[in-house]
Every structure is written in C-alpha cells, then in structure tokens.
Amino acid sequence: MQRYRRIVNWSDNLILEIGSGTADKTPRTYRAREGGQMPEARLLHIDPRTFRERFGREPFPIRHGLAGHPLFETEALIDLAQRSPGNVQWHRGDLARDETDRGGLYNTFGSRGFAGNALSIRETLEQIETNGSWMLIRDIGSLPGYAELLARNLGVVRELCEGVVPGMQRPRSDVVVASPRSVTPFHLDEEQNFLLQIRGWKQVTITDGRDPAVLTEADLEAFYAGNGELHPGRLDACPRPFVARLEAGMGSHIPSLFPHCVENGDEVSVAMTTFFFTAATERRRDLYKLKRLQRRLGLPAAAVGAHPRLDAAKLLALGAARRLRAPFREAA
Ligand SMILES: [Fe+2]
C-alpha cells in the first residue's frame with residue numbers, strides 16, 4: 001500500500017511557507033482585462049530559508065504571479081508557438097502513470113510514439129479541451145515579449161541559488177498546455193526544475209530520487225547513457241512520495257533526478273517549467289560519463305558519490321584533460 005509522506009493542499013501550507021509579510025501571502029495576478037496597470041509585483045515568491053534548506057533535496061511549494069497574465073492566454077500561446085514551430089512538441093495525454101517498455105532501451109517520449117500529431121498548432125491549442133493531448137513549447141524565454149518577464153523570474157531563482165548551489169547554467173523555460181485529465185508519465189529530468197501552474201490545476205507526485213528504492217545506481221547509469229527520461233520504476237511501488245495539488249498561482253520545486261508524474265485536473269491546464277543546470281549537476285554528469293568509460297575499459301567502477309575524494313580526483317583529472325585538449329580543439 002502506498003504510504004504518503006505528505007498529501008498537501010499547498011494553498012494551506014503556503015501560509016507557513018511563504019515569507020513573513022502579508023503581501024507575500026497574497027498572489028498578485030494581472031488585471032489586464034480591467035485595463036489596469038500590471039503591478040510591479042515580484043513574479044516569484046520563494047521563502048529564502050525554505051530554499052536554503054530544501055533546494056535540490058526535496059520538493060517545496062512556491063507562489064507566483066503569472067496566473068491571469070495575458071502572455072499565457074490561448075491566443076498569445078498560439079502566436080508564441082507559431083513564431084517558433086521548431087520548439088513545439090505535441091504528446092498524447094491518454095497515458096498511464098507508468099509508461100516504460102520494461103527491459104527495453106530508449107524510453108523517451110519520442111521513441112515510445114507519444115509525440116507528433118496531424119493537427120496544426122492553432123488547431124491543437126484551440127481544441128486542447130477535447131483532443132486528449134499536451135503541447136510543449138520549449139525555451140519561450142528566448143522570444144521577444146517573454147524574455148524580459150522570464151529574466152525577472154529567473155533573477156529571483158539565480159539570486160537564491162548562487163548562495164546554495166552556485167553555477168546556474170543553461171536556464172530554459174517551457175510552457176505546457178494540457179487537455180483535461182491528461183497525464184505526463186513517471187519520468188525524471190536531469191535539471192533542477194520549478195513548475196508553475198498558471199491556469200487549471202494538476203496533481204504532481206514527486207518521488208525521492210535520492211532513495212535507492214526509487215532510483216538505483218543502475219537506473220542512473222542507464223539514464224546518463226541516454227536510455228531515456230521515462231522512469232522504469234513503478235510509481236505505486238515508490239515509498240513516501242510527495243503529492244501536491246497545484247492550483248493556478250502555485251508551484252513546486254522538483255529537484256534534479258527526482259522521478260515524478262503529472263496528472264491534470266478536469267479543465268485545460270497551462271503551466272510553465274523553468275529548468276537549469278548547476279555546477280553540481282554538471283559534475284554528476286561527468287562522473288557518470290567517467291564511470292561508463294571505466295566499465296568499457298573493464299575497470300572497477302564504484303557508485304558515484306560512494307567515495308567523494310576519489311570522485312573529486314577524477315573530476316580534477318578530467319578538468320586537466322579538457323584544458324589540455326582545448327587548444328587543439330580551437331586550432332581544429
Ligand atoms: Fe518533468
């Protein structure tokens with residue numbers, strides 16, 4: 001039987017989690033339809049202490065001010081997607097929570113045939129209420145109109161992050177527009193992640209990626225070898241998942257490599273995810289690359305993190321090798 005670590009209505013929890021000032025407890029939404037000025041509100045509300053204590057180690061709730069923002073209305077999203085069709089992906093929404101081909105390789109959304117449809121961007125988004133799908137619009141922060149907005153959001157995270165886990169790299173914000181009751185199956189992302197619910201609601205179930213009962217060393221080796229983001233473990237078998245219902249204006253931190261599943265509510269959902277790497281996530285990827293190399297050479301390969309000094313020595317050696325190779329690459 002599933003044992004829940006938490007079942008949280010985070011709108012209640014937020015009273016405790018978010019800041020001390022009254023303003024911090026009230027999400028500020030935009031009132032463009034009323035002709036009002038967009039307030040100079042902070043877009044993202046994260047309690048610094050919560051961030052310090054939990055970032056990268058466990059999920060925590062956040063508050064944001066994007067609900068009702070005109071840039072996330074349907075017509076604006078159609079325009080956004082049409083301006084960057086190469087960044088648009090469509091996925092089936094009628095999936096189970098666990099969707100891997102057990103024993104098979106390359107369990108990605110694309111390789112499992114969950115992606116691609118015959119509808120245009122406009123048709124997909126205008127019919128999203130009934131077409132049982134979810135559309136991903138990648139890297140919206142690189143586009144005019146969204147860049148400034150997201151830079152402000154990211155600035156909040158960057159400032160907090162540098163004091164805890166420095167070296168934020170390659171930040172990217174994606175929008176997901178989903179049909180009612182569509183499911184994003186159990187999967188993991190290498191990046192640190194902030195998921196913000198903008199319209200509708202969803203239940204997000206997040207498991208503890210540090211627990212070997214959830215994610216084994218073999219799972220991690222396979223993931224870093226490129227075997228795909230869909231997690232081969234069964235969600236129901238994972239101990240003590242975090243389960244949260246995210247309403248518009250709410251969000252969650254999803255730590256890097258914490259497998260999770262998203263189930264949308266009974267209305268259209270619009271959400272934004274902000275991903276980024278840190279110096280620590282880069283080091284971890286390097287260590288798994290080195291481990292793969294050790295295996296190919298027939299050398300013993302301990303679990304990453306089991307011997308921190310040895311890991312540090314390997315990274316030093318890798319850094320030196322890269323510096324030696326750099327001039328040759330530049331000359332090539
Ligand atoms: Fe994800």
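**A helix across the sheet**

Helix 4 (residues 74–83) lies across strand 4, strand 5 (133–137) and strand 6 (169–178), and runs at about 60° to strand 5. Helices (H or I, at least four residues) and strands (E, at least two) are DSSP runs numbered from the N terminus. Angles run from 0 to 180 degrees between N-to-C directions, with axes being lines fitted to C-alpha atoms, for helices over the stretch in contact. Contact means that the C-beta atoms of two residues, placed from the backbone, lie within 7 Å.

This is a predicted model, in which local features need pLDDT of at least 70 and side-chain atom pairs count only at pLDDT 80 or more, while totals for chains, interfaces and linings use all residues. Residues are numbered from 1 along each chain as its sequence is written.

The chain has nine helices and 13 strands. Eight strands form an open sheet with antiparallel pairing, in the order 2-3-11-8-13-6-5-4. Strand 2 (44–45) and strand 4 (88–92) are at the edges with a single partner strand each, so one side of each has no neighbour in the sheet. Two strands pair if DSSP finds at least two bridges between them.

Strand 5 pairs with strand 4 over five bridges, in the antiparallel sense; here Val-88 has Ile-137 of strand 5 as its bridge partner. Strand 5 also pairs with strand 6, again antiparallel, over four bridges, and Met-135 has Val-177 of strand 6 as its bridge partner. Four of the five residues of strand 5 are buried, so the strand is largely enclosed by the rest of the structure. A residue is buried if 20 or more other C-beta atoms lie within 10 Å of its own, exposed if 12 or fewer, and partly exposed in between, with C-beta atoms placed from the backbone.

The largest nonpolar core has 55 residues, of which Leu-77, Val-175, Val-177 and Ile-198 touch the most other members. Such a core is a set of buried Ala, Val, Leu, Ile, Met, Phe, Trp, Tyr and Cys residues joined through C-beta atoms within 7 Å. Beyond its neighbours within four places in sequence, Leu-77 is in contact with Phe-72, Leu-125, Ile-137, Val-175 and Val-177.

In helix 8, the buried residues are Thr-281, Arg-284, Leu-287 and Lys-291. Seen down the helix axis, the buried residues of helix 8 fall within an arc of 115°, so they line one face; the arc is that of the directions from the axis to the C-beta atoms. The face turned away from that side carries the exposed residues Ala-279, Leu-293 and Arg-296.
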